[in-house]
Amino acid sequence: MKNNEVVQLMHEKVQKQSKKTKNDVFVSVVEELVGEDAVNVAMALSKRKEATDEEISQETGIRLNDVRKILYKLHNFNLATYRRIRDDSTGWFTYFWQINKERVYDLIKSRKKLVLEKLKERLEYEKSKMFFYCPNDGDARLTFEEAMESSFKCPKCGNVLQHFDNSEIIKILEEKIRELEEEMDSTSK
Ligand SMILES: [Zn+2]
């Protein structure tokens, strides 16, 4: 593996970490907090201004009882709110559900903050260390200290280690950080 292939691999890792759309982040927030089964309900709900449990059930194909359970769970996490209207003749309530956009927005924002912190930590790490690699063995990188311990020979094959130029990774990280910061600036206005 050549140095530029290793850089490519690192690049993909950084991409994966930071290139999530708003929807992806929304899905993973719901998945983590409420559970996988809540994702379809939350997505269906977020497409509409408001919806009844029956409408959600029809759209998602999830049983009405399960939809209700999920809606209450979403409500427990403050991710969904409702207004209810009483039918005067039957005395029954109809619930109109909606996604709590403010709450979702806050969660997405804090998620992005976390990604940004991780990218900055990673940048610090890349800038503060010197790396070595073995051209024969995959994407493994060794720090200067690790390389010194093995007398600058590959621990796997004994090949002489080569200096790893991480300036490309640093550039990519800096770009990602700038992108994310701009994105957060523009959405907070
Ligand atoms: Zn090797």
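**Loops, helices and strands**

Me: Where does asparagine 78 lie?

Reply: Asparagine 78 lies in the loop that runs between α5 and β1. Helices here are DSSP runs of H or I with at least four residues, strands are DSSP runs of E with at least two, and both are numbered from the N terminus. Please keep in mind that this is a predicted model, in which local features need pLDDT of at least 70 and side-chain atom pairs count only at pLDDT 80 or more, while totals for chains, interfaces and linings use all residues. Residues are numbered from 1 along each chain as its sequence is written.

Me: OK, and what is the phi of asparagine 78?

Reply: Its phi is near 65 degrees, which is a positive value in a residue other than glycine. In general, most residues other than glycine have a negative phi. Phenylalanine 152, in the loop between α7 (144-149) and β5, also is not a glycine and has a positive phi of about 60 degrees.

Me: How many C-beta neighbours does phenylalanine 152 have inside 10 Å?

Reply: Phenylalanine 152 has 15, so it counts as partly exposed. The rule is that a residue is buried if 20 or more other C-beta atoms lie within 10 Å of its own, exposed if 12 or fewer do, and partly exposed in between, with the C-beta atoms placed from the backbone. Asparagine 78 is partly exposed as well, because 14 other C-beta atoms lie within 10 Å.

Me: Stepping back, how many helices and strands does the protein have?

Reply: The protein has eight helices and five strands, and from the N terminus on they run α-α-α-α-α-β-β-α-β-β-α-β-α. Of its 189 residues, 20% are buried.

Me: Which strands pair up?

Reply: Strand β1 (residues 80-86) pairs with β2 in the antiparallel sense over seven bridges, where pairing requires that DSSP finds at least two bridges between the strands. Within this pair, threonine 81 stands opposite glutamine 98, and arginine 83 has phenylalanine 96 as its bridge partner. The hairpin has six residues between the two strands, and glycine 91 there takes a positive phi near 80 degrees.

Me: What about the order of the three strands in the open sheet?

Reply: Their order is β4-β3-β5, with antiparallel pairing. The edge strands, β4 (141-143) and β5 (162-164), each pair on one side only. Strand β3 (residues 131-133) joins β4 over three bridges, and tyrosine 133 of that pair faces arginine 141 in β4.

Me: Changing topic, which residues have the most contacts inside the largest nonpolar core?

Reply: They are Val41, Ala42, Leu45, Leu74 and Leu79, in a core of 21 residues. A nonpolar core is a set of buried Ala, Val, Leu, Ile, Met, Phe, Trp, Tyr and Cys residues joined through C-beta atoms within 7 Å. The elements giving two or more residues to this core are α2 (22-33), α3 (38-47), α5 (64-76), β2 (93-99) and α6. Apart from it lies another core, of seven residues, including Phe132 and Leu161.

Me: And what is leucine 45 in contact with?

Reply: Leaving aside neighbours within four places in sequence, leucine 45 is in contact with Ala51, Ile56, Ala80, Trp97, Gln98 and Ile99. Two residues are in contact if their C-beta atoms, placed from the backbone, lie within 7 Å.

Me: At what angle do α4 and α5 pack?

Reply: The angle is about 115 degrees, and the axes are 9 Å apart. Axes are lines fitted to C-alpha atoms, for helices over the stretch in contact, and angles run from 0 to 180 degrees between N-to-C directions. Asp53, Glu54, Ile56 and Ser57 in α4 meet Leu64, Val67, Arg68 and Leu71 in α5.

Me: Is serine 57 buried or partly exposed?

Reply: Serine 57 is partly exposed, because 19 other C-beta atoms lie within 10 Å. Its place is in helix α4 (residues 53-60), and its C-alpha atom is separated by 8.1 Å from that of valine 41, 16 residues apart along the chain.

Me: Last one: how far apart are the end C-alpha atoms of α6?

Reply: They are 40 Å apart, which agrees with the 40 Å that the 28 residues of α6 (residues 101-128) should span at 1.5 Å a residue. The expected span is 1.5 Å times one less than the number of residues in the helix. The buried residues of α6 are Val104, Leu107 and Leu119.
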